[in-house]
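Me: Hi, I have a structure open and would like to go through it slowly with you. Could you start wherever you like?

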Amino acid sequence: MPKAIWLLVIGMVINVTGASFIWPLNTIYLHQELGKPLSVAGFVLMMNAGAGVIGNLIGGTLFDRIGGYKTVIYGIAITIISAFILAYNHTFLWYVALLIGIGFGAGMTFPALYAMAGTAWPEGGRKAFNAMYVAQNVGVALGTALAGVVASIKIDYIFISNGIVYCLFLLLAIFGFRQIEANQTVSQATSNVFEQKRHFSFSRQFIALLIVLAGYFICWLAYVQWQSNISVYTQQLGISLKQYSVLWTINGAMIVLCQPIIAFFVRRWVHTLKAQIYTGLVIFIISFFVLSQAQAFTMFIVAMVILTIGEMFIWPAIPTIAHKLAPEGKAGFYQGVVNSVATGGRMMGPFIGGLIAESFGMVTLFYTLMGLFCLAFISTALYDRVLKEKTVTEHAAKHSVQS
């Protein structure tokens with residue numbers, strides 16, 4: 001990989017390590033330390049993720065206008081300020097306000113990092129985004145493992161640890177990211193892709209992106225249950241916080257160590273991006289079925305292992321599709337939309353899952369999610385038909401002119 005990608009990979013690891021000090025413990029802290037019900041905890045996380053949606057869109061647009069370096073610096077600065085204030089003020093109202101700040105700042109950095117990776121190594125294709133995906137999960141493994149240790153000493157210490165790690169990310173960005181020569185074309189076009197007729201082909205691409213992202217949203221809606229309601233569910237079954245942290249350590253370790261196996265499957269059998277998404281969806285369904293039967297910690301391990309295999313097929317495929325669809329000068333915006341949809345799934349997931357779990361039970365929640373995956377199959381099947389229809393129309397028009 002190019003040196004620029006390695007710098008971005010290291011930055012992503014540090015960034016996600018910092019984020020991972022807080023996100024696995026949010027629901028537990030709100031529920032057990034602050035005494036809030038699951039539905040309230042889910043609503044708070046929804047506001048955090050909602051700020052992330054706005055941050056993603058702004059971060060992606062800023063990448064296209066001022067470049068990735070400045071966008072990342074602005075995002076980290078907002079996150080650091082919020083994190084250190086949270087370290088000393090984490091009563092409920094402060095917690096809510098500062099989680100919104102962290103969500104917004106972190107949201108700005110993710111699309112910029114992904115867009116920088118795509119423009120710094122355009123010939124890498126899926127490899128550039130897979131590297132960023134692996135880096136994210138290395139950060140998850142490190143952050144959750146460290147968070148479990150820190151929280152076992154005193155849960156309040158996770159907030160100051162979070163701020164310190166973000167400071168390390170800021171230093172790397174200042175001294176490392178300035179060197180990255182990425183495509184920072186300033187786009188003077190409006191972000192409204194349907195506004196001008198000369199962007200008609202662009203609108204077809206954007207519609208195709210939105211269709212495939214409908215399934216992506218469902219995947220995140222289900223996946224985020226592991227980070228929210230399932231964390232509380234494991235506590236109710238007598239599974240300790242340390243054991244819960246081990247699940248995410250397994251997740252991150254598998255994503256790093258199993259890359260050669262996944263690459264072999266992709267080369268040998270699962271060649272297209274669409275086939276990779278189909279494969280991941282089937283594996284996700286199996287994972288949630290196992291989860292619906294789980295009572296002991298070992299079954300949660302099995303479900304997590306299966307889930308991890310599924311995400312290794314889906315998560316890198318979506319930003320790769322977005323990069324292929326993005327017109328020149330819109331790489332940041334498209335990655336911002338991708339990250340916004342993922343954040344939207346994380347936003348709605350804890351709240352919707354909490355309502356279903358409290359009303360009907362966790363098993364009903366798992367079966368509901370398994371049914372929703374069927375809709376993701378449909379969106380995956382349909383998204384590129386928009387582009388094929390465009391090609392057929394253009395061919396017919398050209399044939400008519402020649403006649």
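This is a predicted model: local features need pLDDT of at least 70, side-chain atom pairs count only at pLDDT 80 or more; totals for chains, interfaces and linings use all residues.

Me: Which residues in helix H2 are buried?

Reply: Helix H2 spans residues 26–33, and its buried residues include Asn 26, Thr 27, Ile 28, Tyr 29 and Leu 30. Just after H2 comes Gly 35, whose phi is positive, at about 70 degrees.

Me: OK, and the nonpolar core, how many residues does the largest one have?

Reply: The largest nonpolar core has 128 residues, and those with the most contacts inside it are Phe 177, Leu 209, Trp 226 and Phe 288. Helix H5, which covers residues 92–120, gives the most to this core, with 14 residues.

Me: What is Phe 177 in contact with, leaving aside its neighbours within four places in sequence?

Reply: With those neighbours left aside, Phe 177 is in contact with Leu 7, Leu 8, Gly 11, Tyr 69, Val 72, Leu 113, Met 116, Phe 169 and Leu 172.

Me: Switching to charges, how many salt bridges does a search of the whole structure find?

Reply: The search finds one salt bridge. Asp 384 forms it with Lys 274, and the closest N and O atoms are 2.8 Å apart. The pair links distant parts of the chain, 110 residues apart, since Asp 384 sits in the loop between helix H16 (362–382) and helix H17 (385–402), while Lys 274 belongs to helix H12 (residues 273–293).

Me: Are Asp 384 and Lys 274 buried or exposed?

Reply: Both Asp 384 and Lys 274 are buried.

Me: I also clicked on Ser 340, so where is that one?

Reply: Ser 340 lies in helix H15, which runs over residues 331–360. Ser 340 has a relative accessible area of 8%, so this residue counts as buried, the cut-off being under 20%. Its side chain reaches the backbone oxygen of Val 53 at 3.1 Å. Leaving aside neighbours within four places in sequence, Ser 340 is in contact with Val 53, Asn 56 and Leu 57.

Me: Last topic, what lines the largest pocket?

Reply: The lining is made of Gly 124, Arg 126, Lys 127, Asn 130, Gln 259, Ile 262, Ala 263 and Val 266, and about 240 Å³ of space lies in this largest pocket.

Me: And which helix gives the most to that lining?

Reply: H11 gives the most, with four residues. Helix H6 (126–153) and helix H11 (259–268) each supply at least two residues of the lining.

Notes: Residues are numbered from 1 along each chain as its sequence is written. Side-chain values use heavy atoms; hydrogens and water are left out. A nonpolar core is a set of buried Ala, Val, Leu, Ile, Met, Phe, Trp, Tyr and Cys residues joined through side-chain atoms within 4.5 Å. Buried means under 20% relative accessible area, exposed over 50%, partly exposed in between (1.4 Å probe, protein chains only). Contact means heavy atoms within 4.5 Å. A salt bridge is a side-chain nitrogen of Lys or Arg within 4 Å of a carboxyl oxygen of Asp or Glu. A polar contact is a pair of N or O atoms within 3.5 Å; within protein, one must be able to donate a hydrogen and the other to accept it, and residues adjacent in sequence count only if both atoms are side-chain atoms. On a 1 Å grid over the protein atoms alone, a cavity is a set of points where a 1.4 Å probe fits but cannot get out, and a pocket is an open set with protein on both sides within 12 Å along at least five of seven lines; lining residues have an atom within 4 Å of a point. Grid points are joined across faces, edges and corners, and a volume is the space filled by probe spheres set on the points.
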